[in-house]
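Here are my notes on the backbone and packing points worth checking by eye. Please read them with the structure open.

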Protein chains: 2
Amino acid sequence: MYLCIINAERVITIKLTKRQEEIIELVKKNQPITSEKLAEMLNVTRAALRPDLAILTMTGILEARPKVGYLYSKRSNNSLIFEAIKDIKVSEIKSKPAIVTEDTTIYDAIVQLFLNDAGTIFIVNNGYLTGAVSRKDFLKIAMGNSDMHKVPVGIIMTRMPNIITVTDDDLAFDAAKKIIEHEVDSLPVVEKVIQEDGKELYKITGKVSKTNITKLFVRLGEGR
Amino acid sequence: MYLCIINAERVITIKLTKRQEEIIELVKKNQPITSEKLAEMLNVTRAALRPDLAILTMTGILEARPKVGYLYSKRSNNSLIFEAIKDIKVSEIKSKPAIVTEDTTIYDAIVQLFLNDAGTIFIVNNGYLTGAVSRKDFLKIAMGNSDMHKVPVGIIMTRMPNIITVTDDDLAFDAAKKIIEHEVDSLPVVEKVIQEDGKELYKITGKVSKTNITKLFVRLGEGR
């Protein structure tokens with residue numbers, strides 16, 4: 001079992017000591033159990049156990065109940081979440097999106113996709129997001145009989161509001177979840193603009209793709 | 001600052017207490033500092049500080065030097081890694097690869113790619129991995145003049161040994177790193193087989209893609 005500490009500056013990891021692991025096992029088997037009893041079973045003084053018990057209760061592995069003793073905590077098994085991952089915002093991991101206008105031919109849109117080394121191209125009209133086309137969509141079209149040099153990308157794109165979006169303040173975790181749940185490769189990062197007539201439009205300010213998430217995973221693994 | 005504990009069963013997170021954060025700040029400013037001095041500055045007894053100091057030294061945030069006092073630990077700033085992520089093996093996250101033989105036409109290979117909803121198709125010959133073709137490669141071919149119904153996929157594939165591979169025992173972290181460094185979407189998980197003539201061949205047992213890494217990230221974020 002590992003303990004790790006994460007803040008903006010650094011990631012630290014330590015392993016629980018052999019004695020702490022022993023304490024957990026003893027509590028699991030004999031709960032509720034007092035610190036006197038634990039000290040006796042481990043053949044140490046109660047004072048010697050105090051720091052270990054402090055760590056194990058503070059971290060929620062054990063629960064200390066007054067006049068009862070220590071219990072192995074069950075609450076941590078399900079609902080607690082990995083806060084460190086949940087601290088990272090979309091704005092911290094987004095990258096530059098590949099963008100073309102609706103009247104661009106499919107062929108030229110694919111060229112832009114390659115030039116940007118992107119998996120999805122986003123389509124705008126008057127500066128606002130109107131659609132998206134993925135490599136997979138393009139490949140389907142390329143296998144058919146469309147004239148890629150003539151048909152505009154606007155004809156084949158997935159159109160708003162059928163595009164899953166995120167905002168700068170969303171969590172990277174939620175973006176990853178949307179990517180998996182909706183089976184897409186990339187999400188546009190948008191800013192909502194409400195028009196005078198009440199219509200909602202979206203400016204695209206970036207994208208979050210599986211590549212961004214994989215890079216974040218590597219960054220976390222490197223402790224950066 | 002958060003503390004989290006990770007093992008096979010669960011992920012737990014807690015926040016350091018306000019007092020623990022205060023202790024860190026005091027040590028940063030006044031190091032080396034004794035526990036007596038810290039107790040005095042915080043206006044509490046030394047005994048009351050003991051569990052906090054135990055947690056802060058055990059986790060490596062503070063260093064306790066006998067006869068000197070507590071120091072803010074620098075070692076943790078750089079080299080320590082996120083062990084939890086580093087515990088997950090490729091075998092735990094790999095999924096089923098889409099596979100065709102070398103003589104499959106490009107068209108049929110693309111159909112298999114779609115049927116498997118895969119980003120990369122792997123090519124085998126006599127059961128051994130010989131190549132790979134990505135969606136991007138297929139899209140390039142589709143934009144050219146090749147007859148996709150006639151040309152076999154073996155002609156256009158990236159050929160071994162130019163394919164980056166991983167094994168079951170490699171870390172998910174290292175797979176993610178290879179994906180980013182080599183700018184590929186998916187890696188075949190292989191098992192090396194040494195032939196009688198000393199030739200090395202590779203059986204493909206799975207794949208690890210950006211999708212698998214993104215799913216793992218979501219799983220970690222959910223504390224599963």
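**Notes on a predicted model**

1. Start with Ile204(B), which sits in strand β10 (residues 200-209) of chain B. Is Ile204(B) buried or exposed? Ile204(B) counts as buried, because its relative accessibility is 15% and the cut-off for buried is under 20%.

2. Thr130(B) is 74 residues from Ile204(B) along the chain, yet their C-alpha atoms are separated by 9.8 Å.

3. Two packed helices are described by the angle between their axes and the distance between the axes. The axes of α5(A) and α6(B), the latter spanning residues 135-143, come within 12 Å. They cross at roughly 145°. The crossing of α5(A) with α6(B) is left-handed.

4. Which residues make this contact? From α5(A) come Tyr107(A), Ile110(A), Val111(A), Leu113(A) and Phe114(A). They meet Lys136(B), Leu139(B), Lys140(B) and Met143(B) of α6(B). By class, the contact of α5(A) with α6(B) has seven nonpolar residues, two charged and no polar.

5. Check the cis peptide bonds in chain B. The bond from Gln31(B) to Pro32(B) is cis, with omega near -10°. Pro32(B) belongs to the loop between α1 (18-30) and α2 (35-42). The bond from Met160(B) to Pro161(B) is also cis, with omega near 5°. Pro161(B) lies in the loop that runs between β8 (158-159) and α8 (172-181).

6. Asp117(A) deserves a look. Its phi is positive, about 45°, although Asp117(A) is not a glycine. Where does Asp117(A) lie? Asp117(A) is in the loop between α5 (106-115) and β6 (120-125) of chain A. With a relative accessible area of 37%, Asp117(A) is partly exposed.

7. Asn126(B) is the next positive-phi entry: phi is near 55°, and the residue is not glycine. The loop between β6 (120-125) and β7 (128-134) of chain B holds Asn126(B). Is Asn126(B) buried or exposed? Asn126(B) counts as exposed, because its relative accessibility is 73% and exposed means over 50%.

Methods: Residues are numbered from 1 along each chain as its sequence is written. Chains are lettered from A and ligands numbered from 1 in the order in which they are written. This is a predicted model: local features need pLDDT of at least 70, side-chain atom pairs count only at pLDDT 80 or more; totals for chains, interfaces and linings use all residues. Side-chain values use heavy atoms; hydrogens and water are left out. Helices (H or I, at least four residues) and strands (E, at least two) are DSSP runs, numbered from the N terminus. Buried means under 20% relative accessible area, exposed over 50%, partly exposed in between (1.4 Å probe, protein chains only). Axes are lines fitted to C-alpha atoms, for helices over the stretch in contact, and angles run from 0 to 180 degrees between N-to-C directions. A crossing is left-handed if the near helix is turned anticlockwise from the far one by less than a right angle, and right-handed if clockwise. Contact means heavy atoms within 4.5 Å. Ala, Val, Leu, Ile, Met, Phe, Trp, Tyr, Cys and Pro count as nonpolar, Asp, Glu, Lys and Arg as charged, and the others, Gly among them, as polar.
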